[in-house]
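I wanted to look up side-chain contacts in this chain: charged pairs, aromatic pairs and charges over rings. My notes follow.

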Amino acid sequence: MKPQVHALTREDATPLRLFWLTALSMVLILSQSLMAQARGAPESFAELAERVSPAVVNITTSTTVAGRTGPQGVVPEGSPFEDFFREFQDRNGQGNRPRRSSALGSGFVISEDGYIVTNNHVIEGADEIMIEFFEGFDLPATLVGTDPNTDIAVLKVEADEPLKYVNFGDSNIARVGDWVMAMGNPLGQGFSVSAGIVSARNRALSGTYDDYIQTDAAINRGNSGGPLFNMDGEVIGVNTAILSPNGGSIGIGFSMASNVVTRVVDQLKEFGETRRGWLGVRIQDVTEDLAEGLGLEQAKGALVSDVPEGPAMEAGMEAGDVIVTFDGTEVVDTRQLVRIVANTPVGKTVRVVVNRDGETKTLKVTLSRREEAEGAIPAAAAGPDAAEPQELETLGLTLSPLTDELRAELEVPEGTDGLAVMAVDEASQAFEKGLRAGDVVTEAGQSAVTSVTDLEDRITEARDEGRKSILLLVRRGGDPRFVALGLEED
């Protein structure tokens, strides 16, 4: 008998549909559960710690310190006990002899041929550097190069066999809340592990190139130079500093982001020093009132306050330009621009888009080397001769054209022309924004001012254009900055 073939009716399909829907729901629930476990706290850090420990090192440095000089004791000069006290100091090794001082820190191996990364402050001034490895052996290290700006140093050891090492990860993809693990030599107690999360990103402490990852993983003195690992065992930061009222960990530690460190390490290995790009401008952030004064739609970019002799000047950049993109990257603020420029190779020609008088202009700038340019004194902007002396009270300021007498009295650099600030109303916006007597206003509305008539004309023009504020270029001790003052105060 032939088997009977039946068409699958709608009623017959209902149980089958329910079966597959139930199975699919179970798969989704299981997937969500696994994802939740992946995002949650690891069951243990033991496997990760065991895997990366051989690449983490303790660093001991020795430095020769000069002996004591000058009065040392509590015994008055000429006292009958003076000779006895000096003899006591000498007998106990406290005379004027040079002595050895030791310091402890951490680091990590980044290549099998013995390159090691640590903090500059760990090895700064050291005569001898000794590396202690997790397996228990010691090797002397030589200094390859340092970068005080990011507090990074690279060392080198010579080993008979390839060393175990760790790789850098991408710190840019680390998210607030991600788990991290710190390793090092806290308080000289030897190899130690602590864990926590990324508490914040893009922290700045005091340096120009700061880009710190903040973590609550316990970091103490001696952890400096040690690695901060992600859960893949990649180094995403170098433990550098802590915020603490008592010197111990209170859960606020800072690690220099790996994407900053890797560029520094590569240059130190290749050149023994850093070679950062230099644009050659002085810049400041674009605030809301500055944006209004410049006629910008958004408070973004970097406002050029001065263009000394250098790459930017040769490319035609001017004070008052707002840098909006650099080498294809949109510029958000000055801190970002400084890092982008520094990470650009010296000698590279880049396209810089600026906003000038409401229009965009593209400049081609060939970068110089920052380290060679640092310390150069910017050329002061020259201007026309000063007008006949007269005073003007406006915008909370009492202003007078610069004369030779005022230049000498206010110690204004030779060649600077403008209006001297004689007094500032303490209840004015100008005072709130930091203007003080002795400042010199050299531009208003991005035009040079050498007389009070010039300033009055610029204020009138700003009002006629519907502006609520006017942009002033103010110099103090030769250093320029832009300040936007509201016209309603006038």
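**Entry 1, the network.** I began with the charged side chains and found Asp 147, Glu 273, Arg 275, Arg 276, Arg 369, Glu 371 and Glu 372 linked in a network of salt bridges. I note here that the model is predicted. My count of salt bridges came to 15.

Arg 276 and Asp 147 form a salt bridge, with N to O at 2.5 Å. I looked up where each partner lies: Asp 147 is in strand β5, while Arg 276 is in the loop between α5 (258-271) and β13 (277-278), so this pair ties together parts that are 129 residues apart in sequence. Are the two partners buried or exposed? Arg 276 has a relative accessible area of 5% and is buried. Asp 147 is at 2% relative accessibility, so I wrote it down as buried, the cut-off being under 20%.

The next salt bridge I looked up joins Arg 356 to Asp 321, with the closest N and O atoms 2.8 Å apart. Arg 356 belongs to strand β18 (residues 349-356), and Asp 321 sits in the loop between α7 (311-315) and β16 (322-326); the pair links distant parts of the chain, 35 residues apart. Arg 356 counts as buried at 17% relative accessibility. Asp 321 counts as buried too, at 1%.

I placed Asp 327 in the loop between β16 and β17 (329-330) and Lys 348 in the loop between α8 (334-342) and β18, 21 residues apart.

**Entry 5, aromatic pairs.** I turned to the rings and counted five aromatic pairs. In one of them, Phe 108 and Phe 168, the ring centres are 5.8 Å apart and the planes stand at 75 degrees; the cut-off for edge-to-face is over 60, so I logged the pair as edge-to-face. Phe 108 is in strand β2 (residues 99-109) and Phe 168 in the loop between β6 (152-157) and β7 (179-184), so the contact ties together parts 60 residues apart in sequence. Phe 108 is buried, at 0% relative accessibility, whereas Phe 168 is partly exposed at 23%.

I also looked up Phe 134 and Phe 191, an edge-to-face pair with 5.2 Å centre to centre and 85 degrees between the planes. Phe 134 is in the loop between β4 (128-133) and β5 (138-147), and Phe 191 is in the loop between β7 and β8 (192-203); they are 57 residues apart. For accessibility I noted Phe 134 as partly exposed, with a relative accessible area of 42%. Phe 191 is also partly exposed, at 25%.

Last, I looked for charged side chains over ring faces. Which residue lies over the face of Tyr 115? I found Lys 156 there, at 5.3 Å from the ring centre. In another case, Arg 436 lies over the face of Phe 431, at 3.7 Å from the ring centre.

Key:
Residues numbered from 1 in each chain as written. Predicted model: local features only at pLDDT ≥ 70, side-chain atom pairs only at ≥ 80, totals over all residues. Heavy atoms only, no water. Phe/Tyr/Trp six-rings, centres within 6.5 Å; stacked < 30°, edge-to-face > 60°. Helix = DSSP H or I, 4+ residues; strand = E, 2+ residues; numbered from the N terminus. Buried < 20%, exposed > 50% of the residue type's maximum accessible area, 1.4 Å probe, protein only. Lys NZ or Arg CZ within 6 Å of the ring centre and 35° of its normal. Salt bridge = Lys/Arg side-chain N within 4 Å of Asp/Glu carboxyl O.
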